[in-house]
Amino acid sequence: MTKFQRFLLKRLAISVLLTLIAVSVIFVVLRLLPGSPFEALVTSGNLNQAQIDEIRAMYGLDEPMWKQYINYLGSLLTFQFGYSILRSQPVWEVLEPRLINSLILLVPALVTTAVLSSVLGMYAGWNRGSRLEKFSIVSTTLLRSTPVFITAIFFIIVFAYNLEIVPALGMRSIRATPDGYLETFVSLDFLHHYILPFTVAVLYYSGDFLLLARNGVVEKRGSEFLKLHRAKGLSEMEQLARAGRNSMLPILTYFTLRLGMIFQGLILLEVVFSWPGIGRELVLAIQQQDYPLVQAAVFIMALAVIIANLTADVLYAYFDPTVSTNGGGSA
Amino acid sequence: MTLLNVEDLKVTYATDDETIHAVNDVSFSIDEGVNYGLAGESGSGKSTVAEALLGLLPGNGTVERGTIEFNGTDLMSLSDAERRDILWEDIAYIPQSAMDSLDPVMSTGDQIAQAIHTHRNVTDAKARDRVKELFEIVGLDPDRIDEYPHEFSGGMRQRVTIAMALALEPDLIIADEPTTGLDVIVQDKIIDKILEIQERMDSSLLLITHEIGVIAETCDELSILYGGKVMEQGSVDNVLVNPTNPYTMGLKNSFPEIDESDDPVAIPGSPPNLSREPTACVFEDRCPFATDECGESHPELFDLPNRNHRSACHRVKEAAQLRRDAHDPETWNIPDDGDDDSDRGEVILETDDLEKHYEQSQTLLSKFRAEDPDYVKAVDGVSLSVRRSEVLGIAGESGCGKSTLGETMALLEDPTGGELSFDGESYEHYQNGNLQEFRRKAQIIFQDPFDSLNPRQTVRKIVGEPLTIHDYRTDETEQAIVETLEKVGLTPAEKFLDSYPHELSGGQRQRVAVAKALVLDPDFLICDEPASMLDVSLKVNLLNLLRGLADTEDIGIVYISHDLASLTQVSDRLAIMYLGRIIEEGDVDRVANRPSHPYTSSLLSAAPEKDPTADRARVLLEGEPPDPVDLPSGCAFAPRCPKAQESCWESEPAIDETGDETHRAACYFPDSDGEPAASAVDDPELPGSSNADSIGD
């Protein structure tokens, strides 16, 4: 077994352990919440005790806690998410389209902003003290610190209501009845709806990447190895590329972490734009104490973050040869 | 033919509120195939000259005037692109700190290939072949070209940068302090390599360094810079043997040498303030020979007749007289405290078989099998003792465990075996609740004066802090601080009390660090390479200070360094360390003049000579120290030892294998007394020839 394989195996084991812990926490926390999914039905007085018991038994909620936990783990780890109490639909059927909707909005936005803002940030850092640097820092910090719903509403006011270039809400126009993902996403109508939330998301994430990249390059700018590169006769842009390459690590970390967190959707953005994403669905499900839906959604999110972390670790080893793969110390 | 001609070069740096005149009208020229040295202390502008030549000045630096002609073309008039074409193709550069001048995320081979691709249109395969060839030339394994910089040691990284400089066979190589930060043995090998290669390629070399010794050994001509001015210039033989400029004399005298009986004489004062263009002679305020004339103008370079030798001094005609006076410390207004070997007091610290082993991390599998873990034996059975009023020097290559030994003595690391007793009590006594007492009595001074002081505290706070921690002299804190600052030579103390570390020079900072250690009136001081970052004259100041402290304050001092020359100046006894063990120990004169252990001999012979006329026999050690985890059986030095025999591999010699009470060595086949292995160290034919006034003139 090579060093790298050992390292990978160790990280995988840690990830599995983390996943187990995460799903257990979800299980406990949900059951600590006051009330139950059927509270509304009970308080409205439409059900008698016998009916309630029957429904509870149907969902397996009458069993002792530990048995519920075992069942829960078993189903979750085989990706059987059960039946949504709220929507009376299999959980996966509820989650899948919403997850896809969120990802189709946020992944391209994140990738775009990671590339563009990092490059801009590196350039700004290289030309430290220039107008471009000052302007880019001020504007991205402003965008980052303004709550996303304010920016979004502002954009809606300007581009949707005043200029009427793009629609304000939704993912498709109300009249559209697409069938399947391909028809939903590959259409001008979708693009029309897509531009505004996409732009807001890009701007929202841009500040972090820009600052990370800029700081990295600023820090590397005076370093000895760049001086040697310069002495070798590399052009200004080639030197900048080396400086950028050397400040990749924080950007990479941040990117993978964000990528994992995207599976939670961007709740505020989805609410403002009425985007049928996973974030909105999750809020609704928690309000209604839809156990199966919440459990499944949180599981997917936790899994995404853990996988993203694992990817970051592996990419580290690839991008920075000095990162030791033997994990340092005995674990 | 003249290859490089620099004329009236003037470089300034713009800072927020003033302009620094870093280089003021420097002129020199380098002929083809000549090795040229630029010497000077930090702040003398020597690196700035190199950066100006290469066009590598930082953003706030400007070349105000002057011409730099290379092969007949004026470099200053070239566009950026044209200049880039000349860089590396014709002028290559060996940077100062090999440790961080290689791109950490690019393989070493690729970095060299990059230089080739930038200037030549060759295929990848051809470039790779060339890189392999270069690796071989500089003595690196050609199979390692795909490895990254962090996989190489400091000396090997410097070889990589040398390989890079050779890649396109340039006409001129500019080497900026190529060996600073490397220990003597590696430094010696690198210099040897540079010379060997450069001879083969017939290129010129511009060597920039503060070590006169390195220039004396490698260069044909040199310029000595001070305050951005050329003080003295000419052939190395003339300038270094018969300096005609007081600054050169001072610089030469302050360079400590192993075989010199005189104490080195430091130049008092600090480098000039360069915020104004110099009107007087830049050296005037430190020069003991200054006259009114010197205050009026900076002297022009005066051409000494019939020799390749120029000097900028108003009193150049009286040079012979000045030179005689310059040897006397009193000329420099330094009180001659004489060599009164004060009596050494009782033993303050003693170690017996002291060990510090670090456990290597194990795989789960071997832990499961209950295999013994591997240990890094950083300190492996060291028995030493230090008396009051005594300076014990500990010398060794990097990685030999000398710093760990220092830290373990200071109980900053827990000993893993053996005994350590301080002031008659075992270290366990101190660890069981009496650590505070130990921390007051034993102090440690670290290597780097730039990192070891809190940048946000004033000198008053830094020096006063230990008093508060230990509740010592708290009723007279201010007085204690002032007294200590004056003791370390920061006078008047009031001037420094409210300064922050960044406002002080390197030497002053290190003095503050010493003051911080001394304010508690300790009995024992550990100095871990305290002078390695300092210029020669500051280094000598610090050495004299420590020496004086040991004599007057009754302190026991352990001085750890790789620089044998300064160790022989400051120490009473010397211990040589190799891979965690002491392999030779004894009175400094005997160890330095009649080393028994072959390793000591090679260490001694690696130190450069400042006298260009002295020839020194190099004992170049093969290879690097072995892996401390997997030591060979028998004598640890055997794999590199020129005299190793069968028995050396079989069992390990103990420290008292040879010698007597005052001089012991761990060797089966010691160099016998009276027949020194390193001829230059004790060559009877050159009795202190570096001081010879009689030659020439």
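The model is predicted: local features need pLDDT of at least 70, side-chain atom pairs count only at pLDDT 80 or more, and totals for chains, interfaces and linings use all residues. Residues are numbered from 1 along each chain as its sequence is written, chains are lettered from A and ligands numbered from 1 in the order in which they are written, and side-chain values use heavy atoms, with hydrogens and water left out.

Select chain A, residues 22–77, as domain 1, then residues 91–319 as domain 2; such bounds come from an automatic or database domain assignment. Their centres, taken over C-alpha atoms, lie 37 Å apart.

Next, display the boundary between these two domains of chain A. Here 14 residues of domain 1 of chain A are in contact (heavy atoms within 4.5 Å) with eight residues of domain 2 of chain A. On the side of domain 1 of chain A that touches domain 2, select helix H1 (3–32) and helix H4 (65–77) of chain A, the elements that give two or more residues; helices (H or I, at least four residues) are DSSP runs, numbered from the N terminus. H1(A) gives the most to this side, with six residues.

Finally, select chain B. Of its 697 residues, 55% are buried, meaning under 20% relative accessible area (1.4 Å probe, protein chains only).

How values were computed. Buried means under 20% relative accessible area, exposed over 50%, partly exposed in between (1.4 Å probe, protein chains only).
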